[in-house]
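Dear colleague,

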There are 2 protein chains.
Amino acid sequence: MNAARTTGQVRVVGTGLLGTSIGLGLRALGLDVVLANRSPAALRLAIDYGAGRAAAEGDDPAIVVVAVSPDSTADLVATELAAYPNALVTDVASVKAGILADLETRGADVARYLGSHPMAGRERGGAMSARADIFLGRPWVITPHARSTDAQVFALENLAVDLGSVPVRMSPEEHDRGVAVISHVPQVVSSLLAARLIDAADAVPALAGQGLRDTTRIAGSDPELWIQILGQNAGPVNEVLRSFRDDLDAVIAALRDPDAPGAPSSIASTLTRGNTGVARIPGKHGRDQRFTLLVVKVADRPGELARLLTEIGEEDVNMEDLRLEHSPGAQLGFAEIAVLPEKAHTLAAALVARGWSLAEDPRMSGAAR
Amino acid sequence: MNAARTTGQVRVVGTGLLGTSIGLGLRALGLDVVLANRSPAALRLAIDYGAGRAAAEGDDPAIVVVAVSPDSTADLVATELAAYPNALVTDVASVKAGILADLETRGADVARYLGSHPMAGRERGGAMSARADIFLGRPWVITPHARSTDAQVFALENLAVDLGSVPVRMSPEEHDRGVAVISHVPQVVSSLLAARLIDAADAVPALAGQGLRDTTRIAGSDPELWIQILGQNAGPVNEVLRSFRDDLDAVIAALRDPDAPGAPSSIASTLTRGNTGVARIPGKHGRDQRFTLLVVKVADRPGELARLLTEIGEEDVNMEDLRLEHSPGAQLGFAEIAVLPEKAHTLAAALVARGWSLAEDPRMSGAAR
């Protein structure tokens, strides 16, 4: 049994990364997927990738997914609501309340519009980056409003589950406040932080460690997309930015005279509140305590890592995660291997017996780096 | 030939992560390393790890490395200068100008003090996390002052090179301004950003993607260490924080009415300046354009990744970097393999011919995620 929960035809408007990925995922389940794109060449490409077929006379979609840029979304949702009076129309834009308000202003049939936001993506967009599994295990927020029905919510939840996502219900306003905190403000802050490098002395950027790389990675994001997102979620983003600024002002004041009474505790509070905040983020990357990390030295030549992994396989241990680290120019790398804690000691002993060199005592590991 | 450039005895004061790692690296080169620590138990542990021997009557170090917490550093440097009148004394603290000023105030023999800062570390400290190769390929900043001699600078450069580091010369002030930008301000900003999560609704942190994880990872750092660092580098850190705040104020003003004249271009400038800044960071992690990324689907069972890497080895291609990604609970992962661009097409074709499924068109790749 591999049948889709979703029934009926699905029409996907916009064949960028998300639209094409949705099409690929639904086609893999055997659903009839109709694709639309204002660019005939882009449409042909997505069809060629197997994400669906072109529209035809008599199409009658049960669900329309509008997957276009944020500031074209309301426009196209309104068009689709009018064109397919039997369809439930959703979108995938990363800001929700403004689109609903826009549709209401236009007098669109919002009773058939139910917004959603799959929290999936990649830095590079376009149909060519699409893959059926970008939604796997990722949240898919569905944002019911006053006129939404249970049946509509179930229909979108089924679509999300069909694509491997975890559906999450929130009001449009809750969603927008949430993404301000977890996505939009981090983007602004990362961009502002990276901009400090512009005027740094030439020797300075080369001193960068993983901390700077991590905190500024998303500063490389596409400005055009983010101008739209920030503009559409300006209220919630600004509220969070203002609280950030208030706390920043306190740090600046404390650092003016760091030994003055109250200054050390103010700086300490900033740092411990950061600890508290980051501890709320669930999941495996970076600070996952469910796994033990073994760090194995691997010579930088073809076949060495393969040999290591083959031997780990021979020990019948499954790696939960793996990261290869090597310094520029070094003839040596480190394979950081995450395994279940109960496997760590046996595996470490077995690897040492096989002649591998472990860079770290497994008792100490867990969240190295 | 594997002889050390460093000659003479090296005394390491403080056997935490850095001190013990220095000892391990120098012992591996056959040097006589004397260890000191105010805690006898910690000293015994570092000796037990093989990082050096205990002090003995008649020790006459050529170089003393003080590797203690930032706010004990000046104190211990002064003590060591007095105890070993023939030695060049250095330290590894992450702030430099204040220590020199402090020594001058104390009337210490600063002509024999030459500060340094190896840009290496791990999230977890302590002798148990030490390894000889944490300095490999990392910059080691050496900060000559008015009374430093070439011979002293060469001696520390030799020590750094012996440990696999890349020596970099800067004045103490240049260093402190540099680390404010690349390390201390990112720490403050990451902590302030993570603190936004404290008051978020319960469902919100689970929506986090890689962007939030990356930008807040260092918010998990040890507050006690960072209070010292920020306090000692308060001036340069505050200067950068104030420029950050000025730009933040501009964003907040623009988002108050994002469609007003001037607002979109102000937001755009924030984002493009972030692009410009992050592009100054060299190196391979995240956004290295020197390599092409191939994304290969790998079933989540023992041996699959090993088979993939064996077959890549058979194609005689060296991986420059590798990252395994898999979603919680998924039966499928993605191996992101960085290779030289000229190898990418041949390898992609060979892997497909061997039955592997590539998740992305290599023409489009480069900096996925």
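**Findings**

Among contacts in chain A between residues at least 6 apart in sequence, 69% join residues at least 24 apart, where contact means heavy atoms within 4.5 Å. This is a predicted model, in which local features need pLDDT of at least 70 and side-chain atom pairs count only at pLDDT 80 or more, while totals for chains, interfaces and linings use all residues. Residues are numbered from 1 along each chain as its sequence is written, chains are lettered from A and ligands numbered from 1 in the order in which they are written, and side-chain values use heavy atoms, with hydrogens and water left out.

Chain A has 12 helices and 11 strands; these are DSSP runs numbered from the N terminus (helices: H or I, at least four residues; strands: E, at least two). Of its 369 residues, 57% count as buried, that is, under 20% relative accessible area with a 1.4 Å probe, protein chains only.

Turning to the interface, 130 residues of chain A are in contact with 133 residues of chain B. Together the two chains bury about 12300 Å², 63% of it on carbon and sulfur atoms; buried area is the accessible area (1.4 Å probe) that two parts lose on being put together, summed over both. Arg196(A), Leu207(A) and Arg280(A) supply 7% of the area that chain A buries against chain B, more than any other three residues.

The rule finds 10 salt bridges across this interface, each a side-chain nitrogen of Lys or Arg within 4 Å of a carboxyl oxygen of Asp or Glu. Helix H9 (residues 234-256) of chain A gives the largest share of the side of chain A that touches chain B, 16 residues.

As for symmetry, chain A is superposed on chain B by a rotation of 179° with 0.1 Å of shift along its axis (RMSD 0.5 Å), using least squares on the C-alpha atoms of residues with pLDDT of at least 70 in both. The two copies are thus related as by a two-fold rotation axis. In chain A, the C-alpha of Thr215(A) is nearest that axis, 1.9 Å from it. The same surface serves both copies, since 99% of the contact residues of chain A recur in chain B.

Finally, Thr73(B) lies in helix H3 (residues 70-83) of chain B and counts as buried at 1% relative accessibility.

Yours sincerely

Note on methods: Buried < 20%, exposed > 50% of the residue type's maximum accessible area, 1.4 Å probe, protein only.
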